Amino acid sequence: MNKKQRAAFVQKTLNHYFPKTPIPLKHTSAYTLLIAVLLSARCTDKRVNEITPKLFAKASTPKAMAALPVQTIQAIIKPCGLSPTKAKNIKKLSEILLEDYGSQVPKELEELEKLPGVGHKTASVVVAQAFKQPAFPVDTHIHRCAKRWGLSSGKNVKQTEKDLKALFPKKSWRKLHLQIIYFGRAFCMARAHKVSECPICSQL
């Protein structure tokens, strides 16, 4: 099987197991999604979803968040880890959105990446899921699976993103991003992964 054939098999399998792909992080706007994705760095989506209702009850807009003391934000998000840095970034980016963007989250990848604490992956998730633009954010699940499935050399996430974008149609990127995450959690885990029990690895 060459790479194109592998990619076609992978996509067919993902469509079978995960035809629907709800966004794992709870949110009500582009802004709350941005904050949730930022919090998910080195933290599980499950934990983020437990924390964000408490945070958004206090502040669900840039204006309200900018008005909160950093200490208040940090106390709420502490279970997510890296809370001192994340709290400072959340407050700072909220101030920037308020002052420079009229409280609106920018739709451009480059503008998002200028915000404190917002890297390429976070920005890609926001443009893909909040603004429905073609993007292929690569997290640890996608990086791991792409390498295992022989779709990428897997040297780094940047290379993996480039390889996957070359293999799959642009219109499917947004859905595939979530499908691979769901599949990676269910069948192609980092630990205790059994090739024989993985519907993709067992066939490649």
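## The largest pocket

Helix α11 gives the most to the lining of the largest pocket, with four residues; helices here are DSSP runs (H or I) of at least four residues, numbered from the N terminus. The model is predicted, so that local features need pLDDT of at least 70 and side-chain atom pairs count only at pLDDT 80 or more, while totals for chains, interfaces and linings use all residues. Residues are numbered from 1 along each chain as its sequence is written, and side-chain values use heavy atoms, with hydrogens and water left out.

About 470 Å³ of space lies in this largest pocket, where a pocket is an open set of points on a 1 Å grid over the protein atoms alone, fitting a 1.4 Å probe and having protein on both sides within 12 Å along at least five of seven lines, and where lining residues have an atom within 4 Å of a point. Of the 22 lining residues, Ser40, Asp45, Lys121, Asp139 and Arg185 are the closest to the centre of the pocket. By class, the lining has 11 nonpolar, six polar and five charged residues; Ala, Val, Leu, Ile, Met, Phe, Trp, Tyr, Cys and Pro count as nonpolar, Asp, Glu, Lys and Arg as charged, and the others, Gly among them, as polar.

At least two lining residues come from each of α8 (120-129), α9 (140-148) and α11 (173-186). The axes of α9 and α11 are 9 Å apart, and these helices pack at an angle of about 80°, which makes α9 roughly perpendicular to α11 (65 to 115 degrees, with under 35 as roughly parallel, over 145 as roughly antiparallel and the rest as oblique). His141, Ile142, Arg144 and Cys145 in α9 meet His177, Ile180, Ile181, Gly184 and Arg185 in α11, a contact meaning heavy atoms within 4.5 Å.

Helices α8 and α11 pack at an angle of about 120°, with their axes 10 Å apart, and they are therefore oblique to each other. In this pair, Val125, Ala128 and Gln129 of α8 meet Arg174, His177 and Leu178 of α11, and the residues of the contact divide into three nonpolar, two polar and one charged.

## Helices α2 and α6

Helix α2 (residues 30-39) packs against helix α6 (residues 83-100) at an angle of about 155°, with the axes 11 Å apart, and that makes α2 roughly antiparallel to α6. Tyr31, Leu34, Ile35, Leu38 and Leu39 in α2 meet Lys86, Asn89, Ile90, Leu93, Ser94 and Leu97 in α6. The residues of this contact divide into eight nonpolar, two polar and one charged.

Definitions and conventions
Axes are lines fitted to C-alpha atoms, for helices over the stretch in contact, and angles run from 0 to 180 degrees between N-to-C directions. Grid points are joined across faces, edges and corners, and a volume is the space filled by probe spheres set on the points.
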